[in-house]
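Open the model in your viewer and keep the sequence panel beside it.

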Amino acid sequence: MSVDRHILEILCCPVTKIPVKMLPAEKLSDLNQRIGAGSVRYLDGASVDKPLDEALITANETTIYRVDDGIPVMLEELGIPCSQLHDS
């Protein structure tokens, strides 16, 4: 189930108020591989323990928010810093 496009048009990051968009499939795949390897954490420090079916990313590409059953989970502590997608 995908996020309704009308809702997507008004959603923004709860912290920065920057608009969000759907995370592209290739970035979602990369993120899920890293989740499977145990190397992804939420902003609150908890480990992301299951792969994401869908996700939203801020327009400035700093934070990812999971989407569960078509419902965006826009909680600050459950944001995923995009810096974890970059190779060190």
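Apart from neighbours within four places in sequence, Asn32 is in contact with Pro51 and Leu52, contact meaning heavy atoms within 4.5 Å. Asn32 belongs to helix H2.

A note on what you are looking at. This is a predicted model, in which local features need pLDDT of at least 70 and side-chain atom pairs count only at pLDDT 80 or more, while totals for chains, interfaces and linings use all residues. Residues are numbered from 1 along each chain as its sequence is written, and side-chain values use heavy atoms, with hydrogens and water left out.

**The whole chain**

Switch to a cartoon view. The protein chain has two helices and five strands, in the order α-β-α-β-β-β-β along the sequence. Helices (H or I, at least four residues) and strands (E, at least two) are DSSP runs, numbered from the N terminus.

Along the principal axes, the C-alpha atoms fill a box of roughly 35 × 25 × 20 Å. The radius of gyration of the protein chain is 12 Å, which agrees with the value near 12 Å for a compact globule of 88 residues. The radius is taken over C-alpha atoms, and the globule rule is 2.2 Å times the number of residues to the power 0.38.

Now show the surface. The protein chain exposes about 5,200 Å², and carbon and sulfur atoms supply 54% of it; the area comes from the Shrake-Rupley method with a 1.4 Å probe. Of the 88 residues, 39% count as buried. Buried means under 20% relative accessible area, exposed over 50%, and partly exposed in between, with a 1.4 Å probe and protein chains only.

How far apart in sequence are the residues that meet? Among contacts between residues at least 6 apart in sequence, 55% join residues at least 24 apart.

**Leu8 in helix H1**

Select Leu8, which sits in helix H1 (residues 5-10). Neighbours within four places in sequence aside, its contacts are Val3, Val20, Lys21, Met22 and Leu56. Leu8 and Val20 are twelve residues apart in sequence, with 7.3 Å between their C-alpha atoms.

**Salt bridges**

The structure holds five salt bridges, each a side-chain nitrogen of Lys or Arg within 4 Å of a carboxyl oxygen of Asp or Glu.

Select Lys21 and Glu61. They form a salt bridge in which the closest N and O atoms are 3.7 Å apart. Lys21 lies in strand E1 (residues 20-22) and Glu61 in the loop between strand E2 (54-58) and strand E3 (63-68), so the pair ties together parts that are 40 residues apart in sequence. Lys21 is partly exposed at 37% relative accessible area, and Glu61 is partly exposed at 34%.

Next select Asp30 and Arg34, whose side chains meet in a salt bridge at 3.1 Å, N to O. Both lie in helix H2 (residues 25-36), four residues apart, which is about one turn of the helix. Buried or partly exposed: which is Arg34? Arg34 is buried, with a relative accessible area of 17%, whereas Asp30 counts as partly exposed at 24%.

Then select Arg66 and Asp68, joined by a salt bridge of 3.0 Å, N to O. Arg66 is buried at 4% relative accessibility, and Asp68 is partly exposed at 28%. Elsewhere, salt bridges that share partners join Lys21, Lys27 and Glu61 into one network.

**Two positive phi angles**

Most residues other than glycine have a negative phi. Select Lys17, in the loop between H1 and E1. Its phi is near 70°, a positive value in a residue other than glycine. Lys17 is exposed, with a relative accessible area of 54%.

The last stop is Asp69, in the loop between E3 and strand E4 (71-72). Asp69 is not a glycine either, yet has a positive phi of about 55°. At 65% relative accessibility, Asp69 counts as exposed.
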